[in-house]
Amino acid sequence: MSAVPGEPRIVTKKSMKQNMMEWVDNTLAAEKKQGFLVLSFPAIQKMGITVKELIASSDLQAQAMKIVADATPEAAASVSMMDLSLEAEAFGSTVHFSDDEVPTVTGSIVNSEEDADALQVPEIGAGRTQIYIDAIEKAVKLIDDRPVFAGVIGPFSLAGRLMDVTEAMIYCYDEPDMVHTVLEKVSEFIIKYINAYKAVGANGVLVAEPLAGLLSPSLEEEFSCDYMKKIVEATQTDDFLVAYHNCGNCTVQQINSIAQNGCRVLHFGNAIDIADMMPKIPADIIAMGNIDPAGQFRNGTPESVREETLNLMEKCASYPNFVPSSGCDIPPLSNWDNVQAFFDALNEFYAK
């Protein structure tokens, strides 16, 4: 189905592999953009299951992604579960699980130089990582009309979960060598993890690096961007795209660094006015954002989502490299009518 009447969907052959650099170029060239939502967990409502059940089963995750794809035929891509506890759990962190909320990491496992030196890089398959890899392998066989993206945490955000989010910010000043030790190890794991998704047929990954969005520009470059570059260089190919998500409130100030990380898709959260960001984005890089996932998709109304989406398009649609999106992962109990209102508003905007 087309995103807009008379506007062809950007699709490729029914194959797990496609030229994703071409997909980016085609998206940039398209006069009417398809919405891109980070939407997965709300599938539990249509399935009658809990978040805990979903994250424990590759079959259920693949089914959930297919259900979301079928419910959003106008979406530009399919994005898997954005579970930012997953990689930390593989390293040994404690995770809190809930029936209706995304899992969260509790406590810290790296509190000293000695802990950092002793930290072991886990094998792929540790914790629940194999479940998520298997889910993508199954999902790409079910969803063949759009790219399928896996979700992966970014290097500083993972390091922060291992060291404690608040402490990690302080360690950047007080114990930078310790932070770099952890970052080297988590980046090694992230590279292996992303390449595992590539091996089972994913078209790309969305790397979530929200904690870096709280750093100063110089610290972001040192403790996040330099490691993102290594990750992108080790994983991105013509048929596999690494997209970058950062929903922190300092991204406008950090954009000169972020735009150099090698990703051709940058996804921003609602902590910023994306109209301030767009003039700073290179023309060959897609910028996505940024309808409030909690304030609008979870707690808004169809009319408020419509208004926010139309306002966003009025401000940003003049930029050929802007793609409308949610600001972050849409919460599990969000209203599906609000999701539809987003796509309806895009159709309304382009019908003018």
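## The largest pocket

In this predicted model, the largest pocket is lined by 22 residues, and Leu-84, Pro-103, Thr-104, Arg-161 and Pro-210 lie nearest its centre. A pocket is found on a 1 Å grid over the protein atoms alone, as an open set of points where a 1.4 Å probe fits, with protein on both sides within 12 Å along at least five of seven lines; lining residues have an atom within 4 Å of a point. The volume of the largest pocket is about 470 Å³, where volume means the space filled by probe spheres set on the points, joined across faces, edges and corners.

Strands β3 (104-106) and β5 (204-208) each supply at least two residues of this lining, and β3 gives the largest share, with three residues. Strands (E, at least two residues) and helices (H or I, at least four) are DSSP runs, numbered from the N terminus. The lining comprises 14 nonpolar, five polar and three charged residues. Here Ala, Val, Leu, Ile, Met, Phe, Trp, Tyr, Cys and Pro count as nonpolar, Asp, Glu, Lys and Arg as charged, and the others, Gly among them, as polar.

## The second largest pocket

The second largest pocket holds about 170 Å³ of space. It is lined by 13 residues, the closest to its centre being Ile-272, Asn-290, Glu-308, Leu-312 and Lys-315. Helix α15 (302-316), helix α13 (274-277) and strand β8 (286-291) each give two or more residues to the lining. The largest share, four residues, comes from α15.

## The sheet and a helix across it

Seven strands form an open, parallel sheet in the order β1-β4-β5-β6-β7-β8-β9; two strands pair if DSSP finds at least two bridges between them. Because β1 (78-79) and β9 (322-326) stand at the edges with a single partner strand each, one side of each has no neighbour in the sheet. Within the sheet, β7 (residues 265-268) pairs with β8 over three bridges in the parallel sense, and Val-265 stands opposite Ile-286 in β8.

## An aromatic pair

Eight aromatic pairs are counted, with rings of Phe, Tyr and Trp (its six-membered ring) pairing if their centres lie within 6.5 Å; planes under 30 degrees apart are stacked, over 60 edge-to-face and the rest tilted. Phe-36 and Phe-149 form an edge-to-face pair, 6.0 Å centre to centre with 75 degrees between the planes. This pair links distant parts of the chain, 113 residues apart: Phe-36 is in the loop between α1 and α2 (43-47), and Phe-149 is in strand β4.

## Basis of the values

Residues are numbered from 1 along each chain as its sequence is written, and side-chain values use heavy atoms, without hydrogens or water. Local features need pLDDT of at least 70 and side-chain atom pairs count only at pLDDT 80 or more, whereas totals for chains, interfaces and linings use all residues.
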